Structures are given as structure tokens and as C-alpha cells.
Amino acid sequence: MSKRSELYGGHVAEILATQRIAVQWTRSADSTAWRHRRCIKVRRVVCPATYAYALHEIGHIIGPYQSEIRFVTEIGAWLYARQEAIYWSRMMTRTCTECLDSYHARYSSILSAKLPVASDSIWQEALDTLGYTPQHQTNGGH
Ligand SMILES: [Zn+2]
């Protein structure tokens, strides 16, 4: 494991300890957070992507907007990850964008009225801090 990866792992371990968040390590790609139990399930932190996901799941416990609708909780968890990360790469931005796009696509089709709109401050924060704009077109084709 590289020095940088050890740094990521150490940073996540430190947050988990100081915030008293429990962790279940998994080999599966599915990561999860149980906010009220203060527990996350993630892959071990060995690279920028796993670091981003671990911070993201921690963001579901202690990050902003976690009482909002699901899509907004996703934005909040990524805002937490982006702000706490000691290092953030283009790859991590891509990870974040892909994750938000998959939720955005899902929510656009079933809950369009509840998605944040361009004038929302949360949306602006997502645009400014995460560099995120929805890629998914809901009205036909790719
Ligand atoms: Zn999430």
C-alpha cells in the first residue's frame, strides 16, 4: 500500500474514532450508512476511490442535509467528503458525479417535483463545491 493510501486510511480511522462511528468492512462495492446507529459499511481504504466512499458514508452520519430527501442527503454526504478530504483528485470528482447522477436519474423519474431546483442554495453549493451538474437527460435517450 502506498504512503498516500496509508494517509487516507489513517484519516478515516481518526474520524471514526473521534466521532465514535462504528465501521463494518466489506468486500462488496455497496457501501451503506446507518445514521441513527452511527455505523457505516464500506470497503477498506486503499485508494482515492475507497477514501472518497468512506468519507461519503461518514458524511451520511455527520454531514449536512441528512434530514432532507434522499437525493439531497447524497449531495450533503459528498459535500462533507469534499470538504474533509486531505486530498481530492479528478477521479474522486468523477466518483462523486457518477454517484449523484445515478440518484438524480432515479429521482428525476419518480420524484421530479422534489428535486432541488437551480435556484436552491443547496444546489448552488453542489455546483460550486462539487463541480456537479446533472449529466442525465430524463426526456429521452442518452
Ligand atoms: Zn450516499
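Predicted model: local features only at pLDDT ≥ 70, side-chain atom pairs only at ≥ 80, totals over all residues.

User: How are two packed helices described?

Analyst: Two packed helices are described by the angle between their axes and the distance between the axes. Here, helix α2 (residues 48-62) packs against helix α4 (residues 90-110) at an angle of about 50°, and their axes are 9 Å apart. The two helices are therefore oblique to each other. The crossing of α2 and α4 is right-handed.

User: Which residues make the contact of α2 with α4?

Analyst: On α2 they are P48, A49 and A52, and on α4 they are M91, M92, T95 and C96. Sorted by class, this contact of α2 with α4 comprises six nonpolar residues, one polar residue and no charged residues.

User: At what angle do α3 and α5 pack?

Analyst: The angle between α3 and helix α5 (residues 121-130) is about 35°, with 10 Å between their axes. The crossing of α3 with α5 is left-handed. From α3, the contact draws on V72, I75, W78, L79 and R82, while α5 provides I122, E125, A126, T129 and L130. In this contact of α3 with α5, seven residues are nonpolar, one is polar and two are charged.

User: Which residues of the largest nonpolar core touch the most other members?

Analyst: The core has 28 residues, and those touching the most other members are Y51, A52, A54, L55, I75 and W78. At least two core residues come from each of α1 (3-18), β3 (39-42), α2, α3 (70-84) and α4. The largest share, eight residues, is supplied by α3. As for Y51, leaving aside residues up to four places away in sequence, it touches Y8, V12 and V45.

User: Where does R38 lie, and is R38 buried or partly exposed?

Analyst: R38 is located in the loop between β2 (32-34) and β3. Its phi is positive, about 50°, although R38 is not a glycine. R38 counts as partly exposed because it has 15 C-beta neighbours inside 10 Å, whereas a residue needs 20 or more to be buried.

User: What is the phi of Y65, and is Y65 buried or exposed?

Analyst: Y65, another residue other than glycine, has a positive phi near 65°. Y65 is found in the loop between α2 and α3. Because Y65 has 20 C-beta neighbours inside 10 Å, it counts as buried.

Terms used
Residues numbered from 1 in each chain as written. Axes fitted to C-alpha atoms, helices over the stretch in contact; angles between N-to-C directions. Helix = DSSP H or I, 4+ residues; strand = E, 2+ residues; numbered from the N terminus. Parallel < 35°, antiparallel > 145°, perpendicular 65-115°, else oblique. Left-handed = near helix turned anticlockwise from the far one by under 90°. Contact = placed C-beta atoms within 7 Å. Nonpolar A, V, L, I, M, F, W, Y, C, P; charged D, E, K, R; others polar. Core = buried A, V, L, I, M, F, W, Y, C linked by C-beta atoms within 7 Å. Buried ≥ 20, exposed ≤ 12 C-beta atoms within 10 Å, placed from the backbone.
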